[in-house]
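Please read this briefing with the sequence and the model side by side. The topics run from the overall form to individual residues.

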Amino acid sequence: MKSKTMPSFAAIGRFWLPVLALVVPLALIVTVTGQFGGLSLQRTVIEMLISIVIVVGLYVFVGNSGVISFGHATFVAIAAYASAWQTCCEMLKPITMAGLPPFLRDQSIPLLPSAIVSVLLAGAAAFLTGLVIMRLTGLAASISTLAVLFILNVVYSNWDSVTMGSASIVGLPTYVTAWLALACAVLAIVIAYLYQISAFGLAIRATREDEVAAAASGISLYWSRLIAFTLSGFMVGLGGVLLAHYLGTVSINNFFLSFTFLALAMLIVGGMGSLAGAVVGVVVITAMVDIFRRLEGGISIGGQQWSLPAGTQELIIAAFMLLILVFRKDGIMAGREIGLPEQAQREKGLING
Amino acid sequence: MRLVNFAQADYITIGAYALVVPTASVTPPLLLGALPTAVMIGGVLLVVVVLALLTERLAFRPLRNSNPSTLLISSFAVSYFLQNLVMLIHTGRPKSVGIGQSLANAVEIGGVRVPGVQLLTMGVTAGLLVALVFFLKKTPLGIQMRAAAENFQMARLLGMPANRVIALAFAISGLLGGAVSLLLTIQTGTLDLRMGLMPVVYGFFATVIGGMGSLPGAALGGFLVGVASVLLQTYLPADLRPFRDAGVFTLVILILLVRPQGLIVTSAAKERV
């Protein structure tokens with residue numbers, strides 16, 4: 001009787017299972033590496049969690065809409081710079097970033113409000129660009145997001161009085177710990193999950209499968225994509241703030257094509273069709289990058305020093321991504337979430353029926 | 001084939017780097033660049049064409065039936081791969097190389113002094129454009145290629161050799177890329193990992209606003225982008241001039257907003273339901 005009025009524990013469990021299946025292993029990784037791992041391993045784990053925030057944010061738009069975006073590094077950069085303006089190096093700001101408005105130039109803003117403002121700014125930027133770009137479909141939309149990325153890069157690398165040009169802003173407070181990064185990653189995963197099972201999420205996933213049929217069913221391509229793009233801008237903005245306050249430096253060249261490539265590679269390798277794919281992709285690529293970076297640094301086997309030439313890691317990541325594209329086009333997870341077999345069946349029925 | 005090939009940038013870069021011996025030096029000894037002019041041009045073009053064919057065979061042919069987004073991503077991956085390969089072999093430092101210095105001298109025509117290399121660039125561009133139009137309109141292979149761009153399935157059913165035609169398309173884009181890399185190197189005298197990037201990005205935007213799948217559209221788009229960038233360079237106030245590229249890219253988005261299919265719409269670009 002009780003189960004009729006309010007959902008039972010089993011039902012709640014089933015509902016949250018795809019999230020728990022991602023969050024629990026991540027929490028385990030953080031706990032284990034926090035206890036037993038070395039410093040460099042712990043740093044890799046933090047980088048991985050920040051990447052999860054960014055890639056899950058990217059997934060909210062790219063995965064659900066099926067439109068490739070090359071422009072999300074823009075919003076990461078906007079949030080990172082916004083946070084740098086508010087919190088960085090109070091003594092040096094009047095000299096190095098003289099063009100800032102006085103209320104930013106002459107004081108620092110506390111960390112939490114500054115982070116919130118930065119994320120909001122990234123989301124607002126995404127909303128504004130989305131207003132324009134989401135009117136386009138297909139390749140034209142992808143190319144336009146690329147144009148946005150180039151616009152931001154040109155502007156920020158030449159706006160010397162505010163962004164210090166292409167030089168790095170150094171000296172941001174580094175407050176990001178593994179647990180904070182984990183909390184943000186969990187938040188990102190929960191938001192993405194709730195979004196994709198919401199009415200908005202279902203609508204945009206319908207447009208991904210068939211634009212014409214979805215439009216004929218009364219779904220607006222423009223609004224559903226704009227919502228996803230804005231939400232995704234907020235989320236990658238959060239990732240940008242974390243990245244800035246983890247590294248302690250911000251430089252526009254870090255938010256250009258290589259960054260875009262790596263984020264897209266993570267999404268594609270895991271499979272851009274599902275949330276689980278986005279997270280798995282980040283874990284796999286981070287592990288590969290880390291392993292090959294160590295091999296490039298040199299290891300000793302049987303008393304001999306071996307090392308791969310620098311740059312091998314990038315070659316292998318690119319080659320791996322091509323192999324995935326050729327042999328397993330939908331990525332490792334092939335568009336599935338992690339769930340109970342029964343649930344997977346039901347979802348299949350839902351899609352087919 | 002509706003492929004936006006990011007790797008085109010790296011065809012250009014690799015063509016230019018083929019001029020020198022791979023070393024860490026900033027002024028490297030010449031490799032292909034040391035050969036007589038005719039052989040050098042042939043060599044560079046050959047390298048780039050072979051490279052274009054290789055990437056087609058290894059990375060794009062297995063993906064032929066995928067949607068445009070997958071191809072876009074895959075060309076992005078190829079580009080990243082090639083860029084890092086060049087970095088691995090030649091190191092990431094910019095290098096200087098001197099070929100065709102004699103062309104740098106200004107030539108005076110009717111009171112206007114024009115650097116020789118710009119005349120050469122104009123001549124080569126016009127020549128290649130005419131040759132390309134002739135090829136596409138008058139030769140059997142060119143006609144097959146246009147048919148494939150219009151409706152790939154139908155063209156295949158009518159007996160078009162798909163592999164050969166697409167490989168040829170890549171070879172031609174390689175050939176043009178090789179020509180660009182030679183001209184660019186003569187003009188700037190430097191080699192840089194990202195030297196191919198900006199020309200190719202401009203090229204994309206030109207193609208997209210001109211209308212994909214239309215050669216006159218591409219030429220028109222190229223002119224528009226070029227004229228816009230020169231006008232902005234001239235008329236923007238000096239302190240806004242570094243932002244010129246941002247202005248051009250904004251223009252691209254604006255044109256796409258008004259005409260999402262590009263300025264010249266071919267029947268191939270229409271969406272079929």
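The points below are grouped by topic.

This is a predicted model, in which local features need pLDDT of at least 70, side-chain atom pairs count only at pLDDT 80 or more, and totals for chains, interfaces and linings use all residues. Residues are numbered from 1 along each chain as its sequence is written, chains are lettered from A and ligands numbered from 1 in the order in which they are written, and side-chain values use heavy atoms, with hydrogens and water left out.

**Overall form of chain A**

- Chain A has 17 helices and 4 strands; helices (H or I, at least four residues) and strands (E, at least two) are DSSP runs, numbered from the N terminus.
- Chain A is as compact as a globular protein of 353 residues, because its radius of gyration is 21 Å, close to the 20 Å of the globule rule. The radius is taken over C-alpha atoms, and the rule is 2.2 Å times the number of residues to the power 0.38.
- Along the principal axes, the C-alpha atoms of chain A fill a box of roughly 65 × 60 × 45 Å.
- Of the 353 residues of chain A, 51% are buried; buried means under 20% relative accessible area, exposed over 50%, and partly exposed in between (1.4 Å probe, protein chains only).

**Nonpolar cores**

- The largest nonpolar core has 173 residues, and among those that touch the most other members are Leu49(A), Ile52(A) and Trp85(A). Such a core is a set of buried Ala, Val, Leu, Ile, Met, Phe, Trp, Tyr and Cys residues joined through side-chain atoms within 4.5 Å.
- Helix α3 (residues 39–65) of chain A supplies the largest share of this core, 15 residues.
- A second, separate core of 10 residues includes Phe135(B) and Ile172(B).

**Met48(A)**

- Met48(A) lies in helix α3 of chain A and is buried, with a relative accessible area of 7%.
- Beyond its neighbours within four places in sequence, Met48(A) is in contact (heavy atoms within 4.5 Å) with residues including Leu26(A), Val283(A) and Thr286(A).
- Met48(A) and Val283(A) are 235 residues apart in sequence, and their C-alpha atoms are 6.7 Å apart in space.

**Leu157(B)**

- Leu157(B) lies in helix α6 (residues 152–157) of chain B and counts as exposed, at 69% relative accessibility.
- Leu157(B) and Leu224(B) are 67 residues apart in sequence and 38 Å apart in space, C-alpha to C-alpha.
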